[in-house]
Amino acid sequence: MIQRLLEDRIHARLKTNKAILVFGARRVGKTMLIKHILQQFRGKSLLLNGEDYDTLSLLEPRSVTNYRRWLQDVKLLAIDEAQSIPDIGLKLKLMIDEFSGLTILASGSSSFDLLNKAGEPLVGRSYQYYIYPFCQKELSATETPADTLKNLEDRLIYGSYPEVVTMSNYEMKKEYLQGIVHAYLLRDILAVDGIKNASKMRDLLRLIAYQTGKEVSYNELGQQLGLSRNTVEKYLDLLSQVFIIYKLSAYSRNLRKEISKAAKWYFYDPGIRNAVIGNFDSLTFRQDVGALWECYLIGERIKMNQYFGQGKEFYFWRTYDGQEIDLLEITSGRVSAYEFKWGSKHAKTPGAFASAYPDALFAVINRDNYSDFISE
C-alpha cells in the first residue's frame with residue numbers, strides 16, 4: 001500500500017474525543033485509508049459502512065442507550081460513506097458528547113452532503129480533511145526519479161487515481177476512468193441534488209473540460225446550454241463539491257489594469273478531464289498539452305497545501321491588455337507567481353506585475369524543475 005500523506009495528520013488527531021471528517025471523490029482511496037488507520041490503532045475499534053442497511057438500522061434510534069449497547073469500550077469508530085446516514089451530524093454529536101475517549105473517523109464522497117449534514121452540530125467538535133488522487137510525493141515513495149520522469153506523460157493523460165496507477169493496460173485505464181465519470185461522479189450529484197436533466201450537467205462538464213486553463217464566461221456557457229447564468233453557476237458549484245473541478249479566481253488589489261472578477265476552472269485529476277472529452281491520445285498528437293500541464297501542476301500544489309496545512313490561497317493574474325501569470329500563491333500576505341511551460345522556454349516577469357508587486361517571487365516551471373515544485 002502506498003501511504004497517504006494525510007495519514008500522519010489523522011493519526012495526530014486520534015484519541016482527541018472529536019470527529020475527524022475526511023472528504024474526497026469516489027475511488028480516491030478513502031476506504032483504504034480508513035482501514036489502514038484501523039489496522040495500526042491500538043485499542044478497540046469498529047468500522048461501519050454508511051451505505052449498508054445494517055448500519056442504517058444500527059444507528060437509527062438516536063439515543064445514548066442504543067449507542068451504549070454496541071459502543072462499549074470502543075475508542076475509535078470509523079464510518080465510511082457517512083453522508084448516506086440520516087441526521088448523521090446530530091448522531092455524531094451525541095456520541096462525541098456522551099462517550100468520553102471516543103474518536104470518530106467519518107468519510108464522505110461529497111462535501112455538500114456530509115458537511116451540510118454534519119457541519120453545524122459538530123462545530124468545535126470536529127477536524128476536516130480532504131483526500132485526492134495520489135500526489136507525486138506519495139508516489140515517489142515507490143518510484144525512482146527516473147521512473148517519475150518516465151511516468152509523467154501517463155500522469156497527464158490518465159491521472160493518478162489509485163487503481164489507475166496500478167493498472168498496466170491502457171485500455172483498462174480508459175474504461176476505469178470513463179466508469180468513474182458516468183457511474184460515480186455525476187450520479188452522486190444527480191442523486192443528492194435532485195437534478196433531472198443529467199445531459200445538461202454532462203454537456204457543461206464537457207465545455208469546462210475544453211476550456212481548462214481559460215477564462216470562463218457563465219453567460220456564454222448558459223447560452224450554449226440553454227441554461228440561465230444562475231443555473232450554470234449552481235451546477236459548477238455542485239461539480240466542485242464532489243471534487244471533480246475547482247475554481248481559480250483572478251487576483252487583484254484593485255489596480256486599474258487588473259482583471260478582478262474572472263474565473264478559470266480546472267480538474268483535480270487530468271485523467272478525469274480526458275475521460276470527459278474522450279481523448280486519451282499521446283501528448284505528441286494533442287493540442288492541449290499546455291492545459292494538461294497547468295491542470296497537473298496546480299492540482300499537485302493544491303494537494304500539498306491541503307495535506308500539510310500550508311494555508312495558501314490560489315489565483316491567476318491578468319491585466320486588460322493581456323499580461324498574465326498562470327498561478328499566484330498567497331501565503332501570509334506574501335505573493336509567489338508561477339508561469340508554466342511544457343518546453344524549456346523561459347519567460348520574463350510581466351512588466352505590470354513587476355511594477356505592482358516588486359517583492360513577489362516569480363519563477364518559470366518546466367519539465368527541468370517541476371519535480372521540486374510539486375513536492376514543496
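Trainee: Before we start, what counts as a strand here, and how are strands numbered?
Mentor: Strands are DSSP runs of at least two residues, labelled E and numbered from the N terminus. Keep in mind that this is a predicted model.

Trainee: Thanks! Where is Gly322 found?
Mentor: Gly322 sits in the loop that links strand E8 (313-318) to strand E9 (324-331).

Trainee: And how exposed is Gly322?
Mentor: Its relative accessible area is 42%.

Trainee: How far apart are the C-alpha atoms of Gly322 and Ile104?
Mentor: They are separated by 50 Å, and the two residues are 218 apart along the chain.

Trainee: Ile104, okay. Which residues does Leu77 touch, leaving aside its neighbours within four places in sequence?
Mentor: Ile104 is one of them, and the others are Leu46, Leu48, Trp70, Leu71, Met95, Leu102, Thr103 and Leu105. Leu77 is also among the residues with the most contacts inside the largest nonpolar core, along with Ile10, Met95, Phe267 and Ile272.

Trainee: New topic: how do H12 and H13 cross?
Mentor: The axes of H12 (residues 198-210) and H13 (residues 218-225) come within 11 Å and cross at roughly 135°, which means H12 is oblique to H13. The crossing is right-handed.

Trainee: Which residues make the contact?
Mentor: Lys200, Asp203, Leu204, Leu207 and Ile208 from H12, with Leu221, Gln224 and Leu225 from H13. By class, that contact has five nonpolar, one polar and two charged residues.

Notes
Residues are numbered from 1 along each chain as its sequence is written. This is a predicted model: local features need pLDDT of at least 70, side-chain atom pairs count only at pLDDT 80 or more; totals for chains, interfaces and linings use all residues. Side-chain values use heavy atoms; hydrogens and water are left out. Axes are lines fitted to C-alpha atoms, for helices over the stretch in contact, and angles run from 0 to 180 degrees between N-to-C directions. Helices (H or I, at least four residues) and strands (E, at least two) are DSSP runs, numbered from the N terminus. Angles under 35 degrees count as roughly parallel, over 145 as roughly antiparallel, 65 to 115 as roughly perpendicular and the rest as oblique. A crossing is left-handed if the near helix is turned anticlockwise from the far one by less than a right angle, and right-handed if clockwise. Contact means heavy atoms within 4.5 Å. Ala, Val, Leu, Ile, Met, Phe, Trp, Tyr, Cys and Pro count as nonpolar, Asp, Glu, Lys and Arg as charged, and the others, Gly among them, as polar. Buried means under 20% relative accessible area, exposed over 50%, partly exposed in between (1.4 Å probe, protein chains only). A nonpolar core is a set of buried Ala, Val, Leu, Ile, Met, Phe, Trp, Tyr and Cys residues joined through side-chain atoms within 4.5 Å.
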